[in-house]
Amino acid sequence: MLAKPKIAFFDFTSCEGCQLTVIDALQTHLGLLDLVEIVQFREAMSEKGDDYQIAFIEGSCTRESDEQRLRAIRQQAMIVVALGACAHLGGVNAMKNRWPIEDVQTYVYGQAGRNLYESYPARPISEVIEVDYAIPGCPIDREEFVRIVQRLLQGRKPKLPDYPLCVECKLAENACLNKLGKPCLGPITRAGCHAICPSHGDGCEGCRGFISEANFTYMREILRGHGLSDVEIDAQFTMFNYYQLAAMGADAPLSQINGNGHRRHAADAEVLPASTFAAPKEA
Amino acid sequence: MSLYILPKERLPGFVDNLRAGFRVVGPVRTETGYAFADIRSADELVLEYPTTILPPKKYLLPQRETLFTFRTGKAEDGAQQIEVEPVFQDVQPTVIFGVHTCDMHGIVLYDKVFSQGYKDEHYCARREQTYIIGIECLRPCDDASFCKDMGTLTAPPVYDLHMTAVDDNYLIDTGTEKGERLLLANVEAHLATTDDIRRLSQTLSAKWPHFRHRLKMTKDQIPSLMAINYGSHIWDTLGERCLACGSCTNVCPTCFCFDVQDEMALNMEEGERARMWDSCQLREFALVAGGHNFRASKASRVRHRMMRKGKYIQQVHGITGCTGCGRCQRACLVDITIPGTLNALYDEMQIDLSSATGA
């Protein structure tokens, strides 16, 4: 075990909800502060130290200027941990990858504002730097975070479940949502959250990523049975996992979108939905 | 043992009296069905229930059970030392009320598995303090049940008390002396008369036509059917469909496999060793050092489960590994069922005379 290792938290494109969960964990598991020294954590403190050994990174990489900062963190840290779905998978940020980046920028910021902010297709941080471990979820599970920190301090390899959510859902003795006709991605999604969404009546959306032997074919059959169209099923599959599915190229278990992020049938050219937000006023 | 008669109206009093000295668990209504849960007041107990997601095995083998705690430290001479303290979790006088006959057959197997050969101290400590009160099934749970095929429609000798609803009364058979004492100490019940026994017999006979057979073969034929079909292509078909979600094993009253893990406390000096339910349907179940996996394909895992239920457990313990409760069928999202599989294997084994002669 390291003698009170120094740890730091960093954020990239994200909602910072995973860091909030960390702050939460520090309150429920006060003993954590006896184990580690936090030297940088923008969301929780103003001090900034750069002599950390373990870096926890929240957020995906969505612009070129992020890359250098990521590489600097990698250079300093002995261990880099991806914190949450955005850093781990690309997460919801990667949904934008389905359209040309210029269209997305125009859609969000309007004609006049489309060049105001730098942006490119979202990627998990492991596409930019070497990542040692990931703590999945949107947001992360507090208990899992504590357990993984403990494991790192013991010099043991953190282990994530590679079985579906259904295991934990059955143990909770929940009625199966898919049996009740409500779409749930539990059968293909990595467990470890104690099936929190299905336990409260909401179908799983796959935020912890898919298991290594996810049965997409029969998952699709189940969702079709609920009356979902193939396009709707694609949307379910890609909500958190667009990046991974797109990376599968022609093998992606999607009916409409191919690996390049372009629709398989040119005739179906998709238009962006009408923006909910007014375009920024012309300067 | 003796047969007693208890008017139904005295059941709540019986349950409340038991609650004074025992943890009483039994089937209760939930939002979407029924589940075994702690009975907080007698009116929560529902004895006429179709089925539950998890069988009452969860009280005999908790989903997660601490086996011992440990503390690491240094001895005076500086050597690393470890102190170990055994833990017996959930060991307390418990009454499991309202156990269906199929689930009692599951408990028969559990008792064999955990007490014969290598005796599991944790299981046995809990089991010794547990009373089983069965309830006779007079109607099938639903279409998924095939208890009649599996011969689990009558109660095995594992109960302390077994109740059968007859009109406005329960006829209660005492399976053990401690069960009889439990009954008589907690409620006023009388020995059944010849007339009561006659009505009980009528009730028991009348229930059989309500249960249907689902298997094309007899229970005794299943082990050889499984042996012959180890190499069947059906396993590949089922493996393709299987989601490898482990639901079938988690809800099974005869599945007992567990994993063992050590977990540290936050102070990093103490910790505990715990065991938790595991499933042969999960990819990592047969994964060993070096990355070798004895059952890497889902097909081999589906086959393994069916073999356990239909053959292996029979060979080792002398009783069938499936109780016909139907829970795995209810839990499966891709329609992999034991009757469906056995019948498909059986059909394949038959010589098709029509095609042989028609050629």
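Student: How many residues of chain B are in contact with chain A?
Tutor: In this predicted model, 36 residues of chain B are in contact with 33 residues of chain A, contact meaning heavy atoms within 4.5 Å.

Student: And what area is buried between the two chains?
Tutor: About 2800 Å² is buried between chain B and chain A, and carbon and sulfur atoms give 62% of that area. Buried area is the accessible area (1.4 Å probe) lost on putting two parts together, summed over both.

Student: Which residues of chain B lose the most area to chain A?
Tutor: They are Leu266(B), Met268(B) and Leu333(B), which together account for 25% of what the chain B side buries.

Student: Changing topic: where does the largest pocket lie?
Tutor: The largest pocket lies between domain 1 (6-153) and domain 2 (166-269) of chain A, because both give residues to its lining; the domain bounds come from an automatic or database assignment. A pocket here is an open set of points on a 1 Å grid where a 1.4 Å probe fits, with protein on both sides within 12 Å along at least five of seven lines; lining residues have an atom within 4 Å of a point.

Student: Which lining residues are nearest its centre?
Tutor: Of the 40 lining residues, Arg147(A), Tyr163(A), Gln261(B), Glu263(B) and Met276(B) lie nearest the centre.

Student: What ipTM does the complex get?
Tutor: The predictor gives an ipTM of 0.94, with a pTM of 0.92.

Methods. Residues are numbered from 1 along each chain as its sequence is written. Chains are lettered from A and ligands numbered from 1 in the order in which they are written. This is a predicted model: local features need pLDDT of at least 70, side-chain atom pairs count only at pLDDT 80 or more; totals for chains, interfaces and linings use all residues. Side-chain values use heavy atoms; hydrogens and water are left out.
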